[in-house]
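Hello,

Here is the structure I promised to pass on to you. Have a look at it first, and then read my notes below.

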Amino acid sequence: MPQVVSISLGSSARDHKTQIDLGGQRLELWRQGCDNDKERLIERLCELDADPNVVAVGLGGLDFFLESAGKRYWFREVKPLKQYVTHKPFVGGGGLKGAFEKNAVTYLADHVEEDLKDKKVLCISGLDRWGLACGFEELGASVRYGDLLWALGIPHVIGSQEAFIRLVHLLAPLAVQLPFAMLYDSNADHHTEPQTNAMAEREYHNADIFIGDYKMIIKYLPRDMEGKWVITNTTTAQDVEFLRSRGVELLVTTTPRLEGRSFGTNLIEASLIALDGASEALEPQRYVELAHELGIEPSMVYL
C-alpha cells in the first residue's frame with residue numbers, strides 16, 4: 001500500500017499510523033518523530049526518499065517557510081533539508097495552511113448558530129496561522145495578535161491587523177534567519193503544565209475564541225476556560241481531554257480527526273499531492289478543490 005510519511009523533529013511519543021480510503025484510493029499515513037535529533041531526521045529523510053513504498057513526505061515540527069501578510073519567508077535553517085528528498089514530493093504544510101485554514105473559519109460559521117463577527121478572537125500565532133486570522137477578520141470579528149508575547153516573551157499584544165502587518169514586514173525577514181528552536185520548541189511536551197503569565201491570562205479571559213498552533217495555545221492556558229472555543233491543528237485524544245478539563249466548550253481542528261486524532265497540515269498536504277498524482281506541491285486552490293471532492297472537512301467537537 002502506498003505510504004505518506006510525516007517525519008517530525010518532535011517527540012516520538014506522538015507517533016501514529018492509520019489508513020485512509022479517499023476517492024477510491026487507499027493510503028497509509030504515518031507520523032514519525034525524531035525526538036529533537038536533527039541527525040536522525042536527516043537519516044530518515046534519506047531513507048524515505050529511497051523507499052519505493054513512500055509516495056510523498058511531509059516535514060513536521062519545522063516549517064520550510066512562513067506565508068503571512070502577502071509574502072513568503074523561507075527559514076534559513078530549514079530550507080536546506082529539501083536536498084535530502086528529491087525523488088518524491090516533500091512539503092511542510094505551508095502551501096496548504098492559508099487556503100485550508102481560511103476554509104475552516106467558513107466551515108465554523110456555517111455550522112454554529114452564533115454570529116462570529118460578534119466574537120473576540122485571540123490569535124496566538126498570526127505569523128504561522130495567517131489564514132485563520134484572515135478568515136475571522138473578513139467576517140468582521142475583533143482579532144488580537146499575540147505573537148510578541150507567546151513566541152518572543154515580549155509583553156505586548158497587537159490590537160489590529162494593520163499594525164500586525166507592519167510588524168510582520170519588519171520582523172519576519174529577521175526572524176527566519178534565527179535558529180528555528182528560538183521561535184518554536186519542536187520537542188515540547190503537549191502535556192507539560194502551562195506556565196503562568198498575568199498578561200496572557202487577561203487576554204485568554206477577554207477572548208471568546210483562541211486560534212493558533214496547539215502547543216502555543218496551551219503555553220499559558222489558565223485553568224478556567226469555561227465556554228471558550230479553540231481552533232487549532234494537530235491534537236490527540238489526550239489533548240482533547242486536557243482541553244475538556246479546562247472547560248473549553250468547542251474544539252475545531254483544521255484537518256479531520258482520524259482514529260481519535262488530527263494530523264498536521266504537512267501530512268495532509270503530502271497526502272493530497274499523492275492522491276492527485278502530482279510530483280510537487282499544488283496551488284492552494286487545488287488543495288481546496290481536492291478536499292471538497294474527497295469530502296475532507298475540518299473537525300468540530302463539542303467538549
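Helices (H or I, at least four residues) and strands (E, at least two) are DSSP runs, numbered from the N terminus. This is a predicted model, in which local features need pLDDT of at least 70 and side-chain atom pairs count only at pLDDT 80 or more, while totals for chains, interfaces and linings use all residues. Residues are numbered from 1 along each chain as its sequence is written, and side-chain values use heavy atoms, with hydrogens and water left out.

Let's start with helix H3, residues 130-139. Seven of its ten residues are buried (under 20% relative accessible area; exposed is over 50% and partly exposed lies in between, with a 1.4 Å probe and protein chains only). Among the buried ones are Trp130, Leu132 and Phe136. Just after H3 comes Gly140, with a positive phi of about 95 degrees.

Now for the strands. Two strands pair if DSSP finds at least two bridges between them. An open sheet is built from five strands in the order E2-E3-E1-E4-E7, with mixed pairing. Its edge strands, E2 (16-22) and E7 (90-91), each pair on one side only. E7 pairs with E4 (residues 54-60) in the parallel sense, over two bridges, and Gly58 stands opposite Val91.

Elsewhere, E5 (residues 65-68) and E6 (residues 71-74) pair in the antiparallel sense over four bridges. Phe65 has Trp74 as its bridge partner. Two residues lie between the strands of this hairpin, where Ala69 takes a positive phi near 55 degrees.

Finally, find Glu249 in the loop between helix H8 (237-245) and strand E12 (250-253). Glu249 is partly exposed, at 35% relative accessible area.

Enjoy exploring!
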